[in-house]
Amino acid sequence: MDESQIYARLSEIFESVFDDDSIQVTPALSAKDVDGWDSLAHIRLMLTVERAFKVKFTTPEIGKLENVGGLVALIQEKLQTN
Amino acid sequence: MNALYRDLQWFERAPEDFSARIKAVGNSAGPLGRELQALALHSLDLNQLTRLAKVIARANADGRSLDPLVPFRLAILSNSTMDMIVPALVASAARHGIALEVIQPSYDQVAQEALTPDSTVNRSRPDAVLFALDYRALPLKLVPGDAEASTAMVDGAIGYLRALRDGIRANSTAVCIFQTFAPPAEALFGSLDRALPGTLRHVLDNINSELAASLPGTGDVLLDIAALAETVGLAEWHNPQLWNLGKFAFSDELIPLYADHVARVVAALRGKSRKALILDLDNTVWGGVIGDDGLEGIQLAQGDARGEAHLAVQRLALDLRQRGIVLAVSSKNTDEVAREPFLKHPEMLLKLDHIAVFQANWNDKSTNIQAIAEELSLGLDAMVFLDDNPVERGLVRSLLPQVAVPELPEEPAYYARTLAAAGYFEAVAFAGEDLKRAGFYQDNARRASLQKQAGGVDAYLASLDMTITFQPFDATGRARIVQLINKSNQYNLTTRRYTEPEVIEAENAPDVFTLQVRLADIFGDNGMISVVICRPASPDTGEPAAWEIDTWLMSCRVLGRRVEHMVLRELLEHARAAGIQKLLGTYRPTDRNKLVVDHFAKLGFTKIREESSGLTLWEFGVDGVKPEPAPMKVVSTGFSATCDNRPRTPSLTV
């Protein structure tokens with residue numbers, strides 16, 4: 001899966017998790033930019049990402065995410081080792 | 001994980017345009033509650049349930065009425081994080097006709113909230129309090145082998161729960177809902193854990209038993225989460241990572257299932273559990289089609305894999321009847337033919353006196369189900385309808401949305417399990433009256449008279465995106481053509497049986513017109529469903545050229561879709577092109593084809609003659625009024641330029 005495909009899929013996931021189709025999924029996007037991205041929604045987001053890409057995150061990986069760019073890099077890393 | 005339970009597969013899948021429909025909620029004319037319920041009545045994942053809950057919250061904030069959803073205030077006390085679950089509960093409750101309001105005090109204040117008279121929970125006057133406790137909420141200590149200490153722990157835990165209950169009871173009239181405890185997937189000893197007092201497994205087993213024994217008759221309710229966890233598997237239920245991350249008591253993947261189970265209990269408390277099961281017959285309670293396969297041909301025998309699957313459905317139906325659920329039948333069959341297995345098949349478990357209302361006729365099922373509901377004096381929202389045919393399921397869902405219609409998998413072995421898993425008949429109490437209910441209807445398999453025809457059937461048929469394909473007989477279709485000619489009994493006008501060589505002869509004869517008809521719809525390809533053979537009628541001098549309809553048969557699966565009208569339209573096209581001026585039809589009555597006595601009349605043929613045997617002769621001039629087309633695409637292919645039937649007598653004028 002190339003990067004643009006990952007971003008496309010994440011776009012759908014963000015709409016689904018945050019109930020908002022206007023979110024622009026860019027590398028710099030982070031929790032402070034999105035209404036409702038609290039710790040609970042963060043967990044729901046990460047669980048949805050796990051299911052969608054069929055990868056598993058460790059507990060520290062779930063917690064320490066800075067922004068979407070970091071998430072994409074993590075997904076790519078996981079997909080390679082799959 | 002078992003997909004049936006994880007994805008609630010008795011519900012239809014979420015629509016492709018779920019996002020758009022969520023946004024459009026509230027814009028249509030009908031009551032908001034109905035729209036929300038319709039949207040909720042699908043298999044929805046946690047994100048979808050959460051979005052639906054948001055819409056409901058917005059409607060509440062805007063002061064909009066959620067009629068006809070019935071309000072219910074549920075307080076939730078838990079030692080775990082319920083925040084991801086609460087929206088799922090609200091959305092799942094809408095599915096069951098409930099407008100759920102959730103009171104959720106701050107995290108892990110279970111005892112304080114239950115016991116303090118002016119706590120948030122007690123002040124809110126809830127209809128019910130759900131104690132969503134998992135085993136970690138109980139004051140348990142490992143005391144392996146110490147029977148006394150083990151018993152004391154069980155008593156202590158039960159005492160704790162009782163104190164919580166007394167606290168609520170003292171301060172409101174709320175019903176208390178207690179969950180049983182799912183033991184951890186891991187054992188300390190192994191097999192010994194269950195047998196040895198003082199292990200977690202042993203203690204929890206005893207707590208669950210005593211809890212279950214203490215609740216009946218008190219008005220409080222058991223929610224058997226231990227059973228639910230066992231059903232999906234303890235290893236799937238428990239998720240250590242999620243507990244560590246945020247004190248989530250079980251896997252997020254099971255939130256939709258958990259939420260539906262809670263919603264069922266709430267609905268049952270509001271009297272919304274279903275009370276009647278309406279069964280289709282062919283391929284639902286037996287394998288095969290009674291009208292075509294006969295008593296010897298339907299699959300029902302023990303030891304026959306297919307038969308066993310359907311026997312399991314019958315067994316479940318009987319068990320349900322034993323606990324007070326009323327049984328009815330809605331089948332597209334002639335009444336006497338449908339009753340035959342009940343009366344004569346040695347393997348049938350269901351008998352006619354188990355069935356309160358027996359509707360077997362050729363009318364659409366939604367009209368019949370309405371008649372059944374009226375006959376039983378029950379609302380449509382008390383009905384469950386079980387049918388293997390997705391077209392019938394779609395029709396009933398479309399026209400009678402209050403009837404519960406479970407999706408069924410392809411493999412009949414899973415029918416009984418799917419019906420049971422759906423939990424339509426959830427009960428919070430069981431009383432003597434329930435046992436008597438089925439008998440009250442005097443199960444004499446009576447027929448309910450049909451009221452006016454249900455509207456909307458045409459619109460539903462149009463939504464099926466049907467394509468009808470007409471071809472002459474050919475080598476590819478031959479085997480199926482021969483099969484249909486020799487197997488069809490009910491929708492068969494003349495019941496002429498031909499061997500394969502005779503079919504090949506018809507295929508090749510230049511003056512014989514043949515038709516093989518296929519029908520496809522959004523549910524798939526039904527394959528070949530009709531066969532027609534027209535032969536030149538022996539011309540009398542001066543008589544216009546005519547085709548005699550030697551054979552016209554159709555599969556009963558596609559009745560009610562106006563296939564026969566489309567076949568007539570196609571026949572007329574080809575007849576005209578061949579210079580034919582009249583179609584001549586014959587109805588030869590047999591003891592199996594009463595169904596088609598009016599076939600020609602309905603298509604607009606004129607009766608020429610009727611004989612004492614019941615045989616009737618009909619005619620249709622090719623310039624007569626064609627039947628209206630049905631909403632389907634027509635593909636006509638493989639026909640040669642002309643099927644030239646014009647007799648070679650010079651007196652004929654074209």
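Visitor: At what angle do the axes of helix α8 (residues 147–171) of chain B and helix α10 (residues 200–214) of chain B cross?
Guide: This is a predicted model, in which local features need pLDDT of at least 70, side-chain atom pairs count only at pLDDT 80 or more, and totals for chains, interfaces and linings use all residues. Residues are numbered from 1 along each chain as its sequence is written, while chains are lettered from A and ligands numbered from 1 in the order in which they are written. Helices (H or I, at least four residues) and strands (E, at least two) are DSSP runs, numbered from the N terminus, and axes are lines fitted to C-alpha atoms, for helices over the stretch in contact, with angles from 0 to 180 degrees between N-to-C directions. The axes of α8(B) and α10(B) come within 9 Å and cross at roughly 45 degrees.

Visitor: Which term describes the orientation of α8(B) and α10(B) to each other?
Guide: Angles under 35 degrees count as roughly parallel, over 145 as roughly antiparallel, 65 to 115 as roughly perpendicular and the rest as oblique. The crossing is at roughly 45 degrees. The two helices, α8(B) and α10(B), are therefore oblique.

Visitor: How many residues of the contact of α8(B) with α10(B) are nonpolar?
Guide: Residues are in contact if their C-beta atoms, placed from the backbone, lie within 7 Å. Among those making this contact are M153(B) and I158(B) of α8(B), and V203(B) and E210(B) of α10(B). Ala, Val, Leu, Ile, Met, Phe, Trp, Tyr, Cys and Pro count as nonpolar, Asp, Glu, Lys and Arg as charged, and the others, Gly among them, as polar. By that division one residue is charged, three are polar and the nonpolar ones number eight.

Visitor: Which are the edge strands of the open sheet of five strands in chain B?
Guide: Two strands pair if DSSP finds at least two bridges between them. The order is β2-β1-β3-β4-β5 (chain B), with parallel pairing. Pairing on one side only marks the edge strands, β2 (98–103) and β5 (221–223) of chain B.

Visitor: What is the bridge partner of K582(B) in β16(B)?
Guide: Strands β14 (residues 582–587) and β16 (residues 616–621) of chain B run antiparallel and are joined by six bridges. The partner of K582(B) in β16(B) is G621(B).

Visitor: How far apart are the centres of domain 2 and domain 3 of chain B?
Guide: Bounds from an automatic or database domain assignment divide chain B into domain 1 (67–269), domain 2 (276–456) and domain 3 (464–636). Nine residues of domain 2 of chain B are in contact with 12 residues of domain 3 of chain B. Taken over C-alpha atoms, the separation of the centres of these two domains is 33 Å.

Visitor: Which element gives the largest share of the side of chain A that touches chain B?
Guide: The contact takes 12 residues from each of chain A and chain B. On the chain A side, α1 (3–18), α2 (39–53) and α3 (59–63) of chain A give two or more residues. The largest share, five residues, comes from α2(A).

Key: Two residues are in contact if their C-beta atoms, placed from the backbone, lie within 7 Å.
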